[in-house]
Amino acid sequence: MLGPVILAASRSDRMRRLISAAPVTKQVVDRFIPGESVADIVPIIEELTGRGLELTMDVVGEDITTPEQAAAARDAYLALVERLRGLGLGERVEMSVKLSMFGQALDGGHELALANVRPVVEAAAAIGTTVTLDAEDHTTLDSMFAIHEELRRDFPQTGCVIQAYLFRTEADARRLAEAGSRVRLVKGAYKEPAEVAYQQKHEIDKAYVRILRTLMEGEGYPMVGSHDPRLISIAQELARRAGRKPDEYEFQMLYGIRSDEHLRLAAEGHRMRVYTAYGTDWYGYFMRRLAEKPANLRFFLRSMVSK
Ligand code: FDA
């Protein structure tokens, strides 16, 4: 029951101000967002890649309100690419972006977001890596898929995310399961109405399996974004039945969640990519992680009380 309340709070400016100013122990936020700057994050990149993991980097931030903030988001990603160039890790470290951070919700936002994200995709390609477009709430998705299609004309490796909880996603998956595409399937992290999305966990899980089957049997490159042990073993089985080799799909999990499992899957020879967020505008990302697991909220509240 707590999840929807926390998700509603994640879009509230008042709560953002309140929680961002609270004496949250750095430890709690750090569990999910292990740095504020490129300089902070480089040692983490080196450590995780050194342990056989791959990464997708997210500069936290979303729902910006001015074109200047959108340009700053673009520049933050370009600074990251510049640093990655020096590390020479190629596609082992890719990037995930939220188009709302690139101006998608502003006036003329579709064009603005495309204009801001294109140089990032271009710079990523120049160092041998790529970008995946995250999926935000359902009202943004037509624009996200159109931008994805546009970017793929010049950069076919550009990935996108689809969310199992949305009714539309089975059709999106059929359209996207084509040669050369890279698609991350997740359950979905936003508060969505019953008109557009399954509300019950068992319905979402069943949809996840149906969509995953479409992706595994298709010709694209499926990226299995989940920490759910049941779905991970189903994914392995679906990959086996579809005749996919271990380098023809990958698992993805979030930094700070089931970290032992990251290492276990990598040690078994799977491609395992860790979604690693950093930056100062951590509120929305952090609140979604709290909403996914009430125990996180208890830990967070306890740490505030014990300050
Ligand atoms: P589920 O929520 O059932 O969790 C399974 C188990 O994992 C739990 O029992 C618990 O052990 C552990 N777990 C999960 N979440 C946890 C948490 N926050 N803290 C502690 N333990 C936790 N969503 C979206 O809408 N758009 C997007 O672009 C993305 N991108 C994305 C990338 C990657 C790589 C991942 C893994 C996830 C996303 N998500 C996302 C988030 C996704 O939609 C979903 O909310 C979370 O992955 C949680 O769902 P699970 O599939 O892990 O299952």
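We'll go from the whole chain to the ligand.

Before you click, know that this is a predicted model, where local features need pLDDT of at least 70, side-chain atom pairs count only at pLDDT 80 or more, and totals for chains, interfaces and linings use all residues. Residues are numbered from 1 along each chain as its sequence is written.

**Select the whole chain.** Color by pLDDT, the predictor's confidence in each residue, from 0 to 100. The chain's mean is 94, and 97% of its residues reach 70 or more. Now switch to cartoon view: you'll find 13 helices and eight strands, taken as DSSP runs (helices are H or I, at least four residues; strands are E, at least two) and numbered from the N terminus. The C-alpha atoms fill a box of roughly 55 × 40 × 40 Å along the principal axes.

**Select residues 45-299.** An unreviewed UniProt entry annotates them as "domain: Proline dehydrogenase"; such annotations use the numbering here, have shortened feature names, and may be inferred rather than shown by experiment. The span is 48% helix and 16% strand, and its end C-alpha atoms sit 27 Å apart.

**Select the ligand and its shell.** Which residues come nearest? Look for D134, V186, S226, H227 and E292, out of 23 residues around the ligand (a residue is near if its C-beta atom, placed from the backbone, lies within 6 Å). Next, highlight β4 (159-163), β7 (250-254) and α12 (283-292): each supplies at least two shell residues. β7 gives the most, with three.
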